[in-house]
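Hi everyone, thanks for coming. Today I'd like to walk you through one structure, a piece at a time. Have a look at it first, and then we'll start.

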Amino acid sequence: MPERANNSQGLVPVTLLTGFLGAGKTTLLNRLIRDPALSNALVIINEFGSIGLDHDLVAHSNEDDTIIEMASGCLCCTIKGDLQKTLKDAPWRYARDGKRWFDRVIIETTGLADPAPIVHTVMADKTLIETYRLAEVIALVDAVNGNATLDAQPEALKQAAVADTLLISKTELASPEAMIALRTRLRTINPAARIMSVADQQDDLEELLGGASFNPELKGKQVIAWLKEEAFVDHAHHHSHHGYHGHGHAHDVNRHDDRISSVCLTLDEALPAEVFDEWFGLLTMLNGVNMLRVKGLINLIGIDKPLVIHGVQHIWHPPAMLAEWPSDDRRSRIVFILRDIEEGDLRNALGFVMDKYESARLVGAVEAL
């Protein structure tokens, strides 16, 4: 086993980074990872879907073992056991020169994650509390969609209620009235939390990650009840040879709205830019409100670098080019988090646009003769 790195408190602080789909977790994580003060941070990324795209979109250090990807399910449910094993094994599995090199852990959850089981796992697992302490729960809240998301998504409400720090993103896109309304609502949901904007924290990461230790007693009664529920579920599960089959969620592999699904498209051939633009324009026009989150690396004809796209419902961030492909895989990979939309709907829309493009190209070729 490796030697333990020195830590003033003897335990490795864990920061849990939550926030609903599109709130800006990956953007913030990139900024954190680039900070020299966090060069010794181990990062665990979880995604809801079978394509691990966030790992390719997060800045990497010179060490291959800085970032651990857990994309086989949702961190709060189907791979909760994997989180326990990952944290337990991390000091020796990712050791450098026989020693634990990291002095902090940052966990970025999927936007659909219920934070309660993750908090309970880090705080209550007997093997983990000998090495780790939960220092801070940060929840990002989208200034534009935040109020509507809190209305519609129980996960978002839980994320806000459990957090030590509520970090509001995209403030430049929201009106002053909307900001006041959102801050007022967040203060009602979580009176003890710090409420800050991402813009105000651009250069003060030390303040952002300055939590001492997560204390559930400072939260509302509902948060304490959620954590007690997790403890009961764990107890029931461990004392049953067949697992826990009573009320609760231990046997619910999704723990999410059944109307929400993850669709991961991989396109082998490069797309014409016109086709891609019209395809996404059509999807946004017809079903934008139900496209909860879209992330993708796109291979366009005539461009040797990947185009990165980010979208949340009707709001699309300006696309950007990566300096290079993150791997030898040059296929377009797009992860959709959708409500009431099937994969066939996406592919049918692409087929419609592609047929239209090919017909127009054929007509142009004939006219040129």
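Let's begin with a term: a residue is buried when its relative accessible area is under 20%, exposed when it is over 50%, and partly exposed in between, using a 1.4 Å probe and protein chains only. Please keep in mind that this is a predicted model, where local features need pLDDT of at least 70 and side-chain atom pairs count only at pLDDT 80 or more, while totals for chains, interfaces and linings use all residues. Residues are numbered from 1 along each chain as its sequence is written, and side-chain values use heavy atoms, with hydrogens and water left out.

Now, the salt bridges. By that I mean a side-chain nitrogen of Lys or Arg within 4 Å of a carboxyl oxygen of Asp or Glu. How many salt bridges does a search of the whole structure find? There are 11.

Here is one of them: Arg-93 meets Asp-89, 3.9 Å from N to O. Both sit in helix α3, residues 80-93, and they are 4 residues apart, about one turn of the helix. (Helices are DSSP runs of H or I with at least four residues, strands are runs of E with at least two, and both are numbered from the N terminus.) Is Asp-89 buried or exposed? Asp-89 counts as buried because its relative accessibility is 8%, whereas Arg-93, at 45%, is partly exposed. Together with Lys-85, these two residues form a network of salt bridges.

Next, Asp-151 and Arg-185 form a salt bridge, with their closest N and O atoms 2.8 Å apart. This pair links distant parts of the chain, since Asp-151 is in helix α5 (residues 146-152) and Arg-185 is in helix α7, 34 residues away. Asp-151 is exposed at 60% relative accessibility, and Arg-185 is partly exposed at 24%.

Let's move on to a strand. β2 pairs with β4, residues 104-108, in the parallel sense over 5 bridges; two strands count as paired if DSSP finds at least two bridges between them. Across that pairing, Ile-45 stands opposite Glu-108.

Last, a backbone detail. Lys-170 has a positive phi, near 60°, though it is not a glycine. You'll find Lys-170 in the loop between β6 and α7.
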